[in-house]
Amino acid sequence: MTTRPDPDDLLERVMRDEERQARGRLKIFFGFSAGVGKTFAMLEAAQALAAQGGDVVAGVVETHGRAETEAQLAGLVRLPMRMVAYRDRQLPEFDLDAALERKPGVILVDELAHSNVPGSRHAKRWQDIDELLRAGIDVYTTLNVQHIESLNDVVGQITGIRVFETVPDHVFDEADDVMLVDIPPDELLARLQQGKVYLPQQAEKAGRNFFRKGNLIALREIALRRTADRVDADMRQYRADRSIAQLWQARERIVVAIGSGSGEERLIREAARLAAKLQAQWLAVHVDLPGQRQAMEARERVVSYLKLAHSLGAETASISGEELGAALLQFARSRNAGKLVIGQEEGGLRRLLRWPRGTLAQRIARSGGEIDLYTIARSRARHQHEPASSDSAASAAEALLTRRRRTRGTLWAVASCAITTTLAFLLDGKLHPANVIMLYLVGVMLVAMRYGRAASALVSVLSVLSFDFFFVDPRFSITVSDAQYLLTLAVMLAVSLFISSLTARLRRQASVAMQREARAANLYMLGKELSALLTLDQILEIGRRHLAAVFGARIAFFLPDSADQLRLAEPEQDSGAAHVFRNVDAGVAQWVYDNGQAAGKGTATLPSAAALYLPLTATMRTRGVLAFAIEAPSEEERQLAAAQLALPENRQMLEIFCSQIAMAIERLHYAEVAQDALVTMESERLRNSLLSAISHDLRTPLTSLVGSADVLAANARLDDDARAMARTISEQSQKMVGLMNNLLDMARLQAGVVTLNRQWNALEELAGSALRLLAKALEGRQVNTRIAPELPLLRVDAVLLERVLANLVENAIKYSPPGTPIGISAHVEHGDGAPQVKVCVTDQGRGFPPTMTQHAFEKFTRGDNESATPGVGLGLAICRAIIEAHQGRIWIAPQEAGQGATVCFTLPVETQPAPPEE
């Protein structure tokens with residue numbers, strides 16, 4: 001069964017299709033874990049497409065050393081990687097500009113959740129892919145379930161391992177195609193043991209941690225469910241595009257209708273239990289009917305019911321509709337829900353009044369035969385604990401305003417009837433009675449347009465009575481001599497009530513439409529203005545202005561400093577904001593920022609606060625806190641405005657405003673980060689060039705000076721003082737040569753021109769060579785070496801690693817008292833699933849200052865800037881550059897104050913070479 005499509009939906013669909021045609025298509029190969037074969041499946045699809053003549057290019061493909069995966073790359077064009085300088089290293093990254101220039105039909109970009117090296121155009125690889133799609137290039141990529149943002153915490157709780165590289169859900173949801181790559185957990189564990197997922201040493205550690213069978217089963221279920229959710233969304237979109245009203249019950253889904261009366265909690269809990277029993281998704285929906293003006297207390301109950309349903313796992317919605325049953329059926333069909341849960345209706349007089357059109361259950365049963373209907377009996381004692389409306393300040397405020405509005409409506413109803421009667425009486429004899437009735441109907445319509453249904457009903461009754469009293473014989477009496485006038489008066493009353501009801505309904509619909517249009521216009525204007533701003537103060541000022549205009553509130557922003565402590569961002573010129581600043585609480589704002597949850601007035605957290613505090617949550621993190629305090633001329637109106645703000649549609653709009661402001665702040669932040677990174681890169685390049693040039697120019701004269709001093713020191717014809725002076729010149733010149741060597745080495749490492757000469761070496765030999773180089777400096781000191789027996793060989797550059805050990809020992813000599821021992825220890829440890837050798841150098845000096853541990857490995861950083869200890873602060877920087885070039889890590893181990901310093905580094909253990917044949 002199909003229905004006639006809505007013209008607006010058709011237009012939106014055409015525009016969406018045009019936009020989709022201009023973009024490339026994204027295909028995600030999705031799996032529950034590493035090793036299930038996502039990259040292999042992606043390459044198989046690419047090979048099949050290339051065999052059909054497609055233009056396929058491999059942009060980034062991570063084979064992880066798997067031979068069968070590497071073989072799938074045969075015959076495909078591979079895009080060269082771009083080298084990016086980062087922390088004195090050259091790292092390979094995807095070359096986005098080259099891909100855009102090449103513009104293939106399909107490009108393979110592995111690992112969608114990958115974080116790019118700082119200084120790249122985009123922080124995340126999914127942003128690179130988005131730019132490729134905007135350029136019209138189709139993209140194949142891969143993704144594991146733990147990298148989806150909304151599932152990250154769930155997966156972390158199951159596996160005990162938190163993944164920090166995530167992809168926003170909308171990237172996954174907006175993909176054109178998702179292919180689930182799935183294998184049984186037992187088969188994956190067998191692949192792990194065979195070394196097809198990780199290297200043997202890594203596989204052993206991974207099997208004890210992440211790759212446990214229970215973890216894999218849970219991850220597989222999450223991946224299957226997430227894929228099923230996407231397929232379900234595609235099916236619903238297909239039904240909507242083709243206007244298919246018939247349900248396709250591919251998945252259990254329940255809709256529960258929430259009313260505004262008391263006692264709905266039982267209905268919600270029963271629906272939650274039913275959903276749990278059927279393992280179905282469920283949705284709680286409230287229908288706002290145009291003919292029902294709910295009291296503030298009733299609206300507060302609706303909000304609390306929706307919050308309860310959300311806390312029990314439901315998706316909540318508040319919709320508008322002309323008729324309750326039709327609105328519920330339309331919503332259930334739009335969400336492809338096969339079951340509808342409603343509360344049992346009351347009996348008595350209300351049942352009799354509903355008799356002509358039937359009960360809600362009967363109306364739904366007549367129109368929604370394909371939907372199963374569940375009716376839940378309400379508790380008979382549900383009114384016993386209903387609070388009095390006087391207990392709510394908002395309800396009291398609304399009651400006062402309602403009384404005022406009804407009083408005005410009553411007065412205008414009487415005045416309208418009086419004016420119409422006077423005008424008709426003056427024209428008596430000139431107007432036919434039918435025209436007099438038309439005048440009264442005009443008055444009814446005008447009152448209905450301005451004051452609603454109650455006032456229009458009153459003027460309808462008054463008009464009928466006035467017409468009977470003044471214009472029907474016998475006049476000035478309510479009696480009727482001609483029986484035909486009884487029919488006239490009855491029809492007049494019916495038509496008046498019908499017109500008043502219809503006019504009041506149209507008035508309400510027009511009001512709702514204008515409110516929606518105003519919201520859309522405000523959101524559009526806010527987004528448009530925020531997109532063009534370049535400073536933080538401008539963003540905050542625009543946010544204040546729009547929020548104040550839409551919600552009638554005063555605004556205060558709290559922004560974090562470098563230590564994540566909030567500070568109040570005061571406006572440059574806004575004298576009217578004093579009210580909010582007197583009422584905001586920095587402690588509440590800090591709690592909201594730390595927990596990422598709303599607090600304050602109208603929430604369950606600190607509801608007695610004078611303002612509402614909302615987190616400014618952007619894509620990557622929380623960017624600040626918004627303090628929101630409503631301003632109104634009187635306390636009653638302020639209470640009413642606060643209750644209006646608690647309604648779902650208004651609260652949703654406020655959250656959208658906050659999201660727009662947070663995204664603008666984040667955009668500005670990353671623009672500043674990119675600018676700073678560019679300046680830093682240029683500064684580093686200039687400094688390295690300068691250091692390299694100076695070092696080369698000074699190296700030759702220093703070498704000559706050392707040679708001449710050595711000749712003079714060996715000349716027996718000179719006296720002892722002259723030879724001692726020559727030796728001093730030689731020693732100091734050699735130190736200068738060492739400094740120049742450090743500068744040159746740092747420049748070469750920074751430029752990435754050093755090629756590692758990796759050979760198999762024993763750590764004991766490398767340590768011995770480093771100590772022999774420092775034999776003279778170590779005179780009078782004891783060096784304690786504790787190298788674990790049977791330490792594996794390391795595949796490293798022997799010269800560079802000797803330099804690391806020598807620099808660390810020399811640093812310990814400089815900053816520890818003479819005669820104190822120095823320790824060198826080494827052993828194998830298992831970290832991050834792979835074995836590695838950990839080496840530590842320890843001294844008994846003063847240790848590193850607490851504030852220095854984070855930047856001790858930066859260039860030209862010294863422990864004591866004004867110390868007489870020689871050096872320029874390059875030793876540890878060179879150590880870090882060499883260790884990171886070997887895929888290792890170096891750090892300062894924590895020590896008690898005054899208990900010396902310990903510097904440790906790790907190097908990966910590779911598969912050991914086969915022993916030589918005898």
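Analyst: Let's start with a term: a nonpolar core here is a set of buried Ala, Val, Leu, Ile, Met, Phe, Trp, Tyr and Cys residues joined through side-chain atoms within 4.5 Å. Keep in mind that this is a predicted model. The largest such core has 55 residues, and the members that touch the most others are Ile28, Phe30, Phe94, Ile107, Leu108, Leu132 and Leu143.

Leaving out neighbours within four places in sequence, Phe94 is in contact with Gly59, Val60, Leu79, Met81, Arg82, Ala99, Ile107, Val109, Arg125, Asp128 and Leu132. Two of those partners, Ile107 and Leu132, are also on the list of core members with the most contacts to other members. Apart from this core lies another one, of 40 residues, including Leu774, Leu794, Leu800 and Ile890. As a general point, nonpolar side chains in soluble globular proteins tend to be buried together.

Now for the helix pairs. Helix H25 covers residues 763–773 and helix H26 covers 798–814; their axes come within 8 Å and cross at roughly 55°. That angle is why H25 counts as oblique to H26. The crossing is right-handed. On the H25 side, the residues involved are Leu763, Leu766, Ala767, Ser769, Ala770 and Leu771, and they meet Ala798, Leu801, Glu802, Leu805, Ala806 and Val809 of H26. Sorted by class, the residues of this contact come out as 10 nonpolar, one polar and one charged.

The other pair is helix H13, residues 324–334, with helix H15, residues 360–367. Their axes are 9 Å apart and the packing angle is about 50°, so H13 and H15 are oblique to each other. H13 and H15 also make a right-handed crossing. Here Leu324, Gly325, Leu328, Leu329 and Arg333 from H13 meet Leu360, Arg363, Ile364 and Ser367 from H15.

One last stop is helix H27, residues 875–885, which is mostly covered, with nine of its 11 residues buried. Just past the end of H27, Gln887 takes a positive phi of about 60°.

Note on methods
Residues numbered from 1 in each chain as written. Predicted model: local features only at pLDDT ≥ 70, side-chain atom pairs only at ≥ 80, totals over all residues. Heavy atoms only, no water. Buried < 20%, exposed > 50% of the residue type's maximum accessible area, 1.4 Å probe, protein only. Contact = heavy atoms within 4.5 Å. Axes fitted to C-alpha atoms, helices over the stretch in contact; angles between N-to-C directions. Helix = DSSP H or I, 4+ residues; strand = E, 2+ residues; numbered from the N terminus. Parallel < 35°, antiparallel > 145°, perpendicular 65-115°, else oblique. Left-handed = near helix turned anticlockwise from the far one by under 90°. Nonpolar A, V, L, I, M, F, W, Y, C, P; charged D, E, K, R; others polar.
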